Amino acid sequence: MKLREIHELAVKMGVEKDPRGKEEIERILAANREKYEKLPEKEKRFFDLESLENPFPDSRILVGDPETEVRCALAGIDMEVPEVLLADRLREKGEPVDLIISHHPEGRGLVNLDKVMALQADEWYRHGVPINIGEALIGKRMQEIYRAFLPRNHERALDAARLLGIPFMSMHTVADNQVHSYLGELFARRKPHTVGDVVDILLEIPEYQASAESQAGPVVIVGKKENRAGKVMVDMTGGTEGPQEVLEKLAAAGVGTIVAMHYSEKHREEAEKQKINVIIAGHIVSDSLGMNLILDRLEERGVRIIPVSGLVRVSRAASRKRPRAPR
């Protein structure tokens, strides 16, 4: 596959599983195009042109020619300078590493992380929180995240990739949308009765089995396994944690259990106050599941995947007889 084709496929898959729906995404893209057209000419050079077609600013080709042919990709959760050097070392040893795929964004993908957070309001709306309240709450949190990431050294890993001539891309929200949808549909179909049932369903999934074996599996941090689950909400996309204030609104809307990647202590305390059960499925392993659902499609088209940096690689590709985990 060409690098461009990999990116286009990831974006397409991200749109298909996005909580906002295709109509809302097209509205957002149209608004971006209108904003660009109205800019003074001297400001257009600084505009993010890819935002005219790609609604995920944290999922991008960051280094390399889009027409590069990719036979083998080194894929992981956090691909920093050490992983770039590892890719180069593997090349020296004869591995044809044509691309580095990072889940977490770098460069302009990291600078723009806050912009994908708006989709959280749409997910809350699906669970009963009025959209005006959701947008007001997420807007404040987006500004906090923007200020937090602004001073980071965004280009560090990308500079290393450029010097070594290794293409580099990120698949963040496009992958998070996969795991978010996968688990949401699974719980809707299985209708777990208790919090423990939710955990048991997670532990049927190979990625979560692998994380449990390494002592990092799903854990209940608020509530008890014996508690009735009520309405289950999966909270696994939209950049990073939303505002803790939304938990009161979700409780009022009838959400009984939240399944998340990670929670701050303040979020945990607020969930406890609102009597919402919280299950932490695991951050890196949940990222892995979302990535795997995209990487399988690459594997089916002949791209070899070398997992690294915490990626629990389980293949569901049609070319394989059964899922596998490397550890």
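1. Second largest pocket, make-up. The lining of this pocket has 13 nonpolar, 13 polar and 8 charged residues. Here Ala, Val, Leu, Ile, Met, Phe, Trp, Tyr, Cys and Pro count as nonpolar, Asp, Glu, Lys and Arg as charged, and the others, Gly among them, as polar. This is a predicted model, with local features needing pLDDT of at least 70 and side-chain atom pairs counting only at pLDDT 80 or more, while totals for chains, interfaces and linings use all residues. Residues are numbered from 1 along each chain as its sequence is written, and side-chain values use heavy atoms, with hydrogens and water left out.

2. Second largest pocket, place. Its volume is about 530 Å³. The lining holds 34 residues, and L113, H172, G239, T240 and H262 lie nearest the centre. Two or more lining residues come from each of α6, α12 (246–252) and α14. The largest share, 3 residues, belongs to α12. Helices (H or I, at least four residues) and strands (E, at least two) are DSSP runs, numbered from the N terminus. A pocket is an open set of points on a 1 Å grid over the protein atoms alone, with protein on both sides within 12 Å along at least five of seven lines; a cavity is a set of points where a 1.4 Å probe fits but cannot get out; lining residues have an atom within 4 Å of a point. Grid points are joined across faces, edges and corners, and a volume is the space filled by probe spheres set on the points.

3. Largest pocket. About 650 Å³ of space lies here. Of its 26 lining residues, I28, N32, K35, S51 and K115 are the closest to the centre. The elements giving two or more residues are α2 (22–38), α6 and α7 (131–149). Helix α2 gives the largest share, 6 residues. By class, the lining has 13 nonpolar, 4 polar and 9 charged residues.

4. Cavity. The count is 1 cavity of 30 Å³ or more. The largest cavity has a volume of about 50 Å³. Its lining is L119, Q120, E123, W124, H180, M233, V234, D235, M236 and T237. Both α6 (119–126) and β6 (231–235) give two or more of these residues. The largest share, 4 residues, is from α6. The classes are 5 nonpolar, 3 polar and 2 charged.

5. Helix α14. A kink of about 30° is centred on N292 in α14. The bend at a residue is the angle between axes fitted to the seven residues ending there and the seven starting there. Of the 18 residues of α14, 14 are buried, so the helix is largely enclosed by the rest of the structure. Buried means under 20% relative accessible area, exposed over 50%, partly exposed in between (1.4 Å probe, protein chains only). G302 follows α14 and has a positive phi, near 95°.

6. G282 sits in the loop between β8 (277–280) and α14. G282 is buried, at a relative accessible area of 10%. G282 and T237 are 45 residues apart in sequence and 13 Å apart in space, C-alpha to C-alpha.

7. Largest nonpolar core. This core has 29 residues, of which I6, L99, I101, M171, L295 and L298 touch the most other members. At least two residues come from each of α1 (3–16), α2, β2 (72–76), β3 (99–102), α9 (173–190) and α14. The largest share, 7 residues, is from α1. A nonpolar core is a set of buried Ala, Val, Leu, Ile, Met, Phe, Trp, Tyr and Cys residues joined through side-chain atoms within 4.5 Å.
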